[in-house]
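Biologist: I have a new model open and would like to learn how to read it feature by feature. Could you walk me through it?

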Amino acid sequence: MGFFSKIKEGLAKTRQNVTSRLQGMFDSFTGANDEFFDELEETLILSDVGVDLATRTVDDLRENVKRQGLHGAEEVRGELERLLKEILHFEDIAIHTETKPSIILVIGVNGVGKTTTIGKLAARYVSEGKKVLLCAGDTFRAAAAEQLTIWAERSGADIVRHEEGSDPGAVIFDGIAAAKARGADVIICDTAGRLHNKQNLMNELAKIDRIITRELPEASRENLLVIDATTGQNGLIQAKQFSEAAKVTGLVLTKLDGTARGGIVFAVAGELGIPVKLVGVGEKVGDLIDFDGDDFVRALLDGTEIG
Ligand SMILES: Nc1nc2c(ncn2[C@@H]2O[C@H](COP(=O)(O)OP(=O)(O)OP(=O)(O)O)[C@@H](O)[C@H]2O)c(=O)[nH]1
Ligand SMILES: [Mg+2]
């Protein structure tokens, strides 16, 4: 299944909510008047685009429609599509794994889907013929390393883990050494989503980030922040906090299948200025897709059934 069909399927709940509402608006379109723009703004806000961004987008649309003299429903829809695509457009949305080894650090609050995303990513790289090493950097929760071990076995990746309660920085350090010794292509590091307090967590992440920089100064490097799409605008607040601990190179938006408010994608990309690189649309290993902003917008605005 291509990204377009897969994202359409993953967006089923959002499509029932947002897409059908937009479709209804364009079906009964009688002109780009205040009523139309107000309803559009409301629809965007209800889909979690965020008040500021929704207002800005509708203002831009209003202005462009006027300036370019756009009339019919298709013309207005086309301009809306262009504006939405612009929000999601970033020059570089690749996950960089060029060097051997390359390293991906996965961060985010507890329960957002970090470990699951790592399992899915590991399976993907292994299937591409890469040697993958997982680092169990979440030493806080007893079951965390166990969960990662299951994903490692399932996907055919190696794993480096220490005892519960040990220093996460030491696990990452050992993981990097093991990757160098074993000739691994990609290292993927799990981290805790919760420690005794938030400041602890941020300090720990900053420390891990420094260790990676020191041990692999030339390596391709990703710090992926995982955000649960169902938590709405809360995800934005988390993202701002994590960005202070480590430079986030990309966002992973999980559980898009579980929300009727997929507009959160615009909020995170638009407000944070960080590209969405991956989206999770289910719990299974294949339910992780490379994000494509153009297709995402098309899937959101396309009122036809999944083909
Ligand atoms: N529906 C759906 N569920 C998901 C997705 N990604 C993860 N999950 C589920 O979310 C739950 C939490 O996932 P984890 O991967 O354990 O989350 P975590 O961030 O590692 O959590 P902590 O280790 O507690 O910090 C699990 O039940 C996953 O199966 C997704 O894209 N869609
Ligand atoms: Mg976890």
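Modeller: Gladly! Let us begin with the inventory: the chain holds 12 helices and eight strands. Keep in mind that this is a predicted model.

Biologist: What box do the C-alpha atoms fill, and how does the radius of gyration agree with that of a compact globule?

Modeller: Along the principal axes, the C-alpha atoms fill a box of roughly 65 × 40 × 35 Å. For 307 residues, a compact globule would have a radius of gyration near 19 Å, and the chain's 21 Å agrees with that.

Biologist: Which domains does the assignment give?

Modeller: Domain 1 covers residues 3-88 and domain 2 covers 102-291. Their centres, taken over C-alpha atoms, are 33 Å apart.

Biologist: How many residues are in contact between domain 1 and domain 2?

Modeller: On the domain 1 side there are 19 residues, in contact with 20 residues of domain 2. The elements giving two or more residues to that side of domain 1 are α1 (3-10), α2 (12-27) and α5 (73-88). Helix α2 gives the most, five residues. By class, this side of domain 1 has 10 nonpolar, six polar and three charged residues.

Biologist: How many bridges join β7 to β8?

Modeller: Three bridges link β7 (residues 276-280) with β8, and these strands run antiparallel. Within that pair, Leu278 stands opposite Asp290 in β8.

Biologist: Next, the ligand. Which residues come nearest to ligand 1?

Modeller: There are 20 residues around ligand 1, and Gly113, Thr115, Thr116, Gly193 and Gly280 come nearest. Helix α6 (residues 114-127) supplies the largest share of this shell, three residues. Sorted by class, the shell has three nonpolar, 11 polar and six charged residues.

Biologist: And the backbone: what should I look for there?

Modeller: The general idea is that most residues other than glycine have a negative phi, and most peptide bonds are trans. With that in mind, two places deserve a look. Asp48 has a positive phi of about 80° although it is not a glycine. You will find Asp48 in the loop between α3 (34-46) and α4 (51-68).

Biologist: Which residues does the cis peptide bond join?

Modeller: The cis bond joins Lys100 and Pro101, with omega about 0°. Pro101 sits in the loop between α5 and β1.

Note on methods
Residues numbered from 1 in each chain as written. Chains lettered and ligands numbered in written order. Predicted model: local features only at pLDDT ≥ 70, side-chain atom pairs only at ≥ 80, totals over all residues. Near = placed C-beta within 6 Å. Helix = DSSP H or I, 4+ residues; strand = E, 2+ residues; numbered from the N terminus. Nonpolar A, V, L, I, M, F, W, Y, C, P; charged D, E, K, R; others polar. Pairing = 2+ DSSP bridges. Domains from an automatic or database assignment. Contact = placed C-beta atoms within 7 Å. Rg over C-alpha atoms; globule rule 2.2 N^0.38 Å.
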